[in-house]
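Subject: Structure handover

Hello,

Please find the structure below. My notes on it follow.

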Amino acid sequence: MSTHPFRKRILPLALFLGAAFAAGCDAARVDGPTPPAAAAPSVPRYAQFAGGGSDVMLQAFHWNSHRWDWWNIVAAKAPEIQAAGFTMAWLPPASRAADSAGYLPNEWRNLDGSMYGTGAQLRSATSALRTRGVKVIGDVVVNHRVGTTNWADFTSPAFASNAQAVTRNDEWGLGTGNYDTGDGYGAARDLDHTYSSVQTEITSWMNWMKTTSAAGFDGWRYDYVKGFSASYVGGYNSATTPYFSVGELWPDIVGDYYASCSNANYHRQMIMDWIDATGARSAAFDFTTKWQLQLAVERTEYWRMGCIPGALGWWPAMSVTFVDNHDTGPSPDGGQNHWPFPGAKVEQGYAYILTHPGTPTVYWPHYFDWGADLRGKIGTLIKIRKQQGVTSTSTISVQAADAYRYAAIVNGNLAMKIGPGSWSPGAGWTLAASGSDWAVWTK
């Protein structure tokens with residue numbers, strides 16, 4: 001656990017308690033534990049490589065995208081991606097790999113060996129996006145690697161010493177590097193990030209991937225950052241200066257899955273500690289917000305959202321919110337689907353993340369594969385977000401949070417409600433969008 005005092009993690013955005021919370025959270029709550037009161041607003045914290053503040057990201061793939069001609073599909077969809085208002089598109093791992101999805105890379109510099117298409121097709125896709133003002137975020141897998149034909153015969157590139165590039169506690173048993181700086185990964189060789197050749201080859205490859213002659217990436221999504229010290233993410237970002245960086249830190253839920261607010265603070269504290277360890281040089285996916293929002297809609301426990309749980313409530317500039325991704329949610333023809341958001345409640349999930357601070361991420365199947373109605377509602381929410389100037393650090397004024405509803409005023413000019421309970425912001429507001437158990441107003 002962190003050695004940081006709890007109060008050091010309270011909102012760097014202004015979280016003002018609204019009228020329903022004026023006498024404490026119990027005034028608006030039907031049941032459930034009382035969320036902790038918010039501290040006085042603090043000065044926004046330093047954040048680097050966290051985008052421009054008004055970004056909305058599309059996860060531009062799903063678990064089974066490799067089964068299609070994916071780079072060409074992304075290129076063809078570039079006009080729709082731009083028109084929807086997405087400013088960033090996150091693409092899957094682009095290098096040759098031992099698995100179809102690309103998460104067991106072997107030849108980092110071989111872009112023709114990817115199951116998603118050729119290097120030329122990748123460059124066409126990134127060019128189609130970038131010429132329309134959409135920045136491209138590359139999925140980089142640098143925690144681990146597999147050999148070209150054997151356990152650790154790394155090529156394209158090789159390391160100065162392939163054996164020294166592997167941690168000595170890796171299951172291969174022949175690694176001569178230092179002990180792992182994070183959790184082990186059994187499906188591939190754990191790279192020793194303390195080794196100068198590993199650092200040099202990673203930064204050289206990533207800088208090459210930024211060039212238009214390679215991939216034309218503008219930023220990074222780091223896979224499985226539990227596996228190595230966050231300080232190296234900070235170093236790699238300093239060496240490659242991405243527009244945007246986000247780490248996949250998926251903290252384990254310890255003990256009570258149904259914990260909320262103060263009893264779940266340990267979970268977001270792990271995200272905070274990881275961001276701190278990067279030197280505030282990378283954002284992180286907000287798994288805590290997904291956890292609590294998912295429970296809120298599943299169990300009709302909207303009081304959970306009253307304390308603004310997750311990284312969103314403690315460091316919104318570094319919070320990358322999402323409803324589902326390629327690991328947690330469904331994909332066409334199956335997929336991992338490890339922790340899916342309730343399908344009937346997905347609209348509410350997007351009504352929350354697309355009206356709140358942080359950097360929201362939309363999952364490709366939700367936008368392109370779940371039908372025109374959901375696509376239209378997501379598009380409308382993105383449009384409202386941009387019209388009202390909601391950014392990653394906009395203010396939140398919680399108006400109600402009980403069993404049946406969560407309501408808030410964001411940025412002073414957008415009101416929203418999720419849940420079956422009724423709520424209205426009152427006179428002077430115009431209903432801008434609504435759906436199944438959610439509504440948004442503007443003024």
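This is a predicted model: local features need pLDDT of at least 70, side-chain atom pairs count only at pLDDT 80 or more; totals for chains, interfaces and linings use all residues.

Residues are numbered from 1 along each chain as its sequence is written, and side-chain values use heavy atoms, with hydrogens and water left out.

Strands around β10

Helices (H or I, at least four residues) and strands (E, at least two) are DSSP runs, numbered from the N terminus. Strand β10 covers residues 244-247. Phe244 and Val246 on one side of β10, and Ser245 and Gly247 on the other, are all buried. Buried means under 20% relative accessible area, exposed over 50%, and partly exposed in between (1.4 Å probe, protein chains only).

Two strands pair if DSSP finds at least two bridges between them. Strand β9 (residues 219-222) runs parallel to β10 and is joined to it by 4 bridges; Tyr222 stands opposite Gly247. Together with helix α4 (residues 230-240), β9 and β10 make a right-handed β-α-β unit. A crossover is right-handed if, with the strands pointing away from the viewer, the path from the first strand over the helix to the second runs clockwise.

β10 also pairs with strand β11 (residues 283-285), in the parallel sense and over 2 bridges. Val246 has Ala283 in β11 as its bridge partner. From β10 the chain crosses through helix α5 (residues 265-277) to β11, and this β-α-β crossover is right-handed.

Backbone spots to look at

Most residues other than glycine have a negative phi, and most peptide bonds are trans. Cys261, in the loop between β10 and α5, has a positive phi near 45 degrees. Cys261 counts as buried because its relative accessibility is 4%. Ala280, in the loop between α5 and β11, has a positive phi near 60 degrees. Ala280 counts as buried too, at 8% relative accessibility. The peptide bond joining Ser156 and Pro157 is cis, with omega about 0 degrees, and Pro157 is in the loop between β7 (144-145) and β8 (189-190).

Nonpolar core

A nonpolar core is a set of buried Ala, Val, Leu, Ile, Met, Phe, Trp, Tyr and Cys residues joined through side-chain atoms within 4.5 Å. The largest has 118 residues, of which Tyr350, Tyr352 and Tyr406 touch the most other members. Another core, of 8 residues, lies apart from it and includes Ala400 and Ile409.

Pockets and cavities

On a 1 Å grid over the protein atoms alone, a cavity is a set of points where a 1.4 Å probe fits but cannot get out; a pocket is an open set with protein on both sides within 12 Å along at least five of seven lines, and lining residues have an atom within 4 Å of a point. Grid points are joined across faces, edges and corners, and a volume is the space filled by probe spheres set on the points.

The largest pocket has a volume of about 280 Å³. It is lined by 14 residues, and Tyr185, Asp223, Tyr224, Glu248 and Asp327 are the closest to its centre. The second largest pocket holds about 160 Å³, and its lining includes Asp183, Lys226 and Trp274.

There are 2 cavities of 30 Å³ or more. The second largest cavity has a volume of about 50 Å³.

Regards
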